[in-house]
Amino acid sequence: MISTTLPRSELAGLSAIVAGTGRPVLLLHGVGLRAEAWGAQIKALRDTHHVIAPDMPGHGQTPCNAQFKVLGDYVQAVLPLLHMLDEPALVVGHSMGAMIALELARSAPECVRAVAALNAIFERSDGAKAAVQARAASLDGNTVPDPTPTLERWFGTGQSSQRSACDDWLRTADPLGYKQAYTAFAHADGPSRQALNRLKCPALFATGALEPNSTPDMSRMMANLAPQGRVLVVDGAAHMMPMTHPADVNSALSAFAQDIWP
């Protein structure tokens, strides 16, 4: 089952799934999820790459740290994983994980061979900012919110094993860890235009054609601003495309890895 908990290692204070050998790939999940959200990508990449998929602070088996307030706190939590590697990594992030991945590429370019930002946000509209920040303000850090509205944004109303797994992860999330991460996500607006213009590494920006929040236009704009940017829009996919459209995502990541490590 998708929701089955996979074995973990402790790395730099984070609980992480580690698999395979080869060139390093770091996978960073989004708010309310856990390393298993990358299950299809771990399976696809582990035969050719050294894959590390951490539970972000306050998620999965990584304890909540009450000092985590802003996106930069999560960036600093992940950076030691890159310092542990023998060479720069392909850093892949989804949703908030994509924002962290892009900031790592900007602030620690010596550690990042390339970056893939999946379902990343960029320059939200005023209405979108107000909505996401209102959701963050409604969280009390003591109880887990009803995940139904989130699941409907991610999957619509249909049922699937992927939706069931996310439902389980969201319902069992650490309430404080979820509040902290969601608040950091809500008050960040993606990379700046200047940061994208100065990005030194190859960058893939991918999202789903049906994604209402991390829209195709956002990915296209970021790809156009990055000197080595490229874009992928997956037909029929929405926010959870690493889980719902793994063949498209895995194919894109494998091709990207082959390009950066010929």
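Helix 4 gives the most to the lining of the largest pocket, contributing four residues; helices (H or I, at least four residues) and strands (E, at least two) are DSSP runs numbered from the N terminus. The model is a predicted one, in which local features need pLDDT of at least 70 and side-chain atom pairs count only at pLDDT 80 or more, while totals for chains, interfaces and linings use all residues. Residues are numbered from 1 along each chain as its sequence is written, and side-chain values use heavy atoms, with hydrogens and water left out.

**The largest pocket**

- The space in the largest pocket comes to about 390 Å³, where a pocket is an open set of points on a 1 Å grid over the protein atoms alone, at which a 1.4 Å probe fits, with protein on both sides within 12 Å along at least five of seven lines; the volume is the space filled by probe spheres set on the points, which are joined across faces, edges and corners.
- Its lining (residues with an atom within 4 Å of a point) holds 24 residues, of which R135, R153, Y182, F185 and N213 lie nearest the centre of the pocket.
- Helix 4 (126-137), helix 5 (148-155) and helix 7 (175-186) each supply at least two of the lining residues.
- By class, the lining divides into 12 nonpolar, eight polar and four charged residues, with Ala, Val, Leu, Ile, Met, Phe, Trp, Tyr, Cys and Pro counted as nonpolar, Asp, Glu, Lys and Arg as charged, and the others, Gly among them, as polar.

- Eight strands form an open sheet of mixed pairing in the order 1-2-4-3-5-6-7-8, two strands being paired if DSSP finds at least two bridges between them.
- Strand 1 (9-11) and strand 8 (229-234) are at the edges and have a single partner strand each, so one side of each is left without a neighbour in the sheet.
- Strand 7 (residues 203-208) runs parallel to strand 8 and is joined to strand 8 by six bridges, and L204 stands opposite R230 in strand 8.

**Helix packing**

- Helix 11 (residues 246-260) lies across strand 4, strand 5, strand 6, strand 7 and strand 8, running at about 160° to strand 6; contact means heavy atoms within 4.5 Å, and angles run from 0 to 180 degrees between N-to-C directions of axes, which are lines fitted to C-alpha atoms, for helices over the stretch in contact.
- The axes of helix 5 and helix 6 (residues 161-171) come within 10 Å and cross at roughly 150°.
- Residues making this contact include T148 and W154 of helix 5 and Q162 and R171 of helix 6.
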